[in-house]
Amino acid sequence: MSDVKTLLIVEDDAGLQRQLRWAYEGYEVVVAGDRASALDAVRASEPQVVTLDLGLPPDPDGASEGLRALSEILALKPDTKVIVASGNGAREAALAAIAGGAWDFYQKPIDIDALGLIVARAFHVHALETENRRLAARGEAAGLGGLITAAPEMLRVTRTIERVAPADVSVMLLGASGTGKELLARGLHDASPRRDGPFVAINCAAIPETLLESELFGHEKGAFTGAIKTTAGKIESAGGGTLFLDEIGDVPLPLQVKLLRFLQERVIERIGGRRAIPVDVRIVCATHQDVDAMVADGRFREDLYYRLAEIVVRIPSLAERSGDAALLARHFVQQHKKALNPGVHGLAPDATAAIDGWGWPGNVRELENRVKRAVIMAEGKYVTAADLDLATDGAALPINLRAARERADRSAITRALAQADGNISGTARLLGISRPTLYDLLKSYDLHG
Ligand SMILES: Nc1ncnc2c1ncn2[C@@H]1O[C@H](COP(=O)(O)OP(=O)(O)OP(=O)(O)O)[C@@H](O)[C@H]1O
């Protein structure tokens, strides 16, 4: 990357454009007045930092055009630091922008000095992150909550989590199984002012419906058969800290009502109890399910959704994080070799190639399990593709078109299967093929739906 610091100012007001253009020293300043020219400028000048007015034409009084520009800029260059400007009282737009990956926001009218400081800090952080990525490419990065990544798609997520951690807003993490949702929830807690309080996690899908209420809210002695002593629930135990509700989509409707009441009133009553107990807890929740669809067909209460999801963070699957699979595999080999097989030194080149070519439907959890098993199985100094049980993928074979097509097919199918949660109709729809064609492909590639 060149050393030139380029700042893009996206602002439709000609007066402000002029004022801002001359306000900065030491940066190459580029100015754009609307979304299309902003994108052209991002392509042409690759600014590290962008200040973006959310009210752009043709929606100068709203935020729709600005938010669209934000997402398009970040899709083009995910590591860009975008600072959004919003009008008075536009808290919702600002929150939406942060959830959408904006790095910071400031309230208009513009205070040139204050904005100058935010811009300078953005350049500084951009430079640090670039350096981190360089180190990470050599396998040396660990960030939020011990999370390992060098992928811009994931760095955006960790950045969002770091930004929302200090604010007491509820956060919903959406991602497939094994993408690191719990790790991120813990990272958020550790980065928040509640870090000295407890972090309590509960997997709502793993607890039978009949027990979930008592797990969450606690019970008094004698409240039901088997309630031999008064027990505090997870909500109460998380007092002063963070409660992580994993698989929130699995909470049955009657309990959703009770949860909503707690979120509105911030008091709980244990089962069989008469006393309202105030609890100060921050809620972070997660699910691999499509909550929007659940809300649409009445399986998830909309009012509860809005309470739980002030900020929604989508976590990319491992296959969507460029370069991370190999980086994480190296990390897991180093982490586990001592206990499992001290003779192992690292990964053989065919193993790295096979890892890159695999679709990782089970995400980081699958990767860690495969690597652990492979470290145990490895006979020589290096873990091979065969030890990882990935040798059939064709990744290690010489390149030919048929093999390349098969790899692409496999990768798309496994990703679609993961996204559709194994549902065949859903997978076929995502891939744009018919169900019978999908069945044929699954059979010929020996994949399992
Ligand atoms: N980026 C990462 N760096 C290091 N370890 C990771 C990363 N992501 C996930 N892991 C590890 O992978 C395992 C699965 O992660 P985690 O439990 O957070 O996933 P999850 O999305 O909550 O899964 P589930 O929804 O199935 O509970 C854990 O052992 C976690 O430590």
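By class, the residues that form the shell around the ligand comprise five nonpolar, seven polar and five charged. In this predicted model, the ligand is surrounded by 17 residues, the closest being Ile148, Gly180, Lys181, Glu182 and Val364. Two helices, α7 (181–190) and α15 (363–377), each supply at least two residues of that shell. Because domain 2 (166–314) and domain 3 (319–444) both contribute residues to the shell, the ligand lies between them.

**Overall architecture**

The chain contains 18 helices and 16 strands. Of its 449 residues, 38% are buried. Among contacts with a separation of 6 or more, 67% join residues 24 or more positions apart.

**The annotated aspartate**

The unreviewed UniProt entry lists Asp53 under "modified residue: 4-aspartylphosphate". Asp53 is placed in strand β3 (residues 49–53). It counts as buried because 26 C-beta neighbours lie inside 10 Å, the threshold for burial being 20 or more. Setting aside neighbours within four places in sequence, Asp53 is in contact with Val10, Glu11, Asp12, Gly66 and Ala85.

Helix α2 (residues 35–45) has Arg35, Ala38, Ala41 and Val42 as its buried residues. Viewed down the axis of α2, these buried residues fall within an arc of 120° and therefore line one face of the helix. The face of α2 turned away from the buried side carries the exposed residues Ala36, Asp40, Arg43 and Ala44. The cover over the buried residues of α2 includes β1 (6–10), β2 (28–32) and α3 (64–76). Just after α2, Glu46 adopts a positive phi of about 45°.

In helix α8 (residues 209–217), the buried residues are Leu212, Ser214, Leu216 and Phe217. The buried residues of α8 pack against β7 (199–203), β8 (218–219), α9 (234–237), α10 (253–265) and β11 (267–268). Gly218 follows α8 and has a positive phi, near 80°.

**Backbone geometry in loops**

| Site | Feature | Value |
|---|---|---|
| Pro57 to Pro58 | cis peptide bond | omega near 5° |
| Lys108 to Pro109 | cis peptide bond | omega near 0° |
| Glu247 | positive phi, not a glycine | phi about 55° |
| Trp360 | positive phi, not a glycine | phi about 50° |

Pro58 lies in the loop between β3 and α3, while Pro109 belongs to the loop between β5 (104–107) and α5 (112–137). Glu247 is found in the loop between β10 (242–246) and α10. With 19 other C-beta atoms within 10 Å, Glu247 is therefore classed as partly exposed. Trp360 is situated in the loop between α14 (349–357) and α15; because Trp360 has 26 C-beta neighbours inside 10 Å, it counts as buried.

**A further loop position**

Ala386 is located in the loop between β16 (382–383) and α16 (401–419). Its 18 C-beta neighbours inside 10 Å place Ala386 in the partly exposed class. Ala386 and Asp350 are separated by 36 residues in sequence, and their C-alpha atoms are 8.8 Å apart in space.

Notes. Residues numbered from 1 in each chain as written. Predicted model: local features only at pLDDT ≥ 70, side-chain atom pairs only at ≥ 80, totals over all residues. Near = placed C-beta within 6 Å. Helix = DSSP H or I, 4+ residues; strand = E, 2+ residues; numbered from the N terminus. Nonpolar A, V, L, I, M, F, W, Y, C, P; charged D, E, K, R; others polar. Domains from an automatic or database assignment. Buried ≥ 20, exposed ≤ 12 C-beta atoms within 10 Å, placed from the backbone. Arc of directions from axis to C-beta. Contact = placed C-beta atoms within 7 Å. UniProt positions renumbered as here; feature names shortened; annotations may be inferred.
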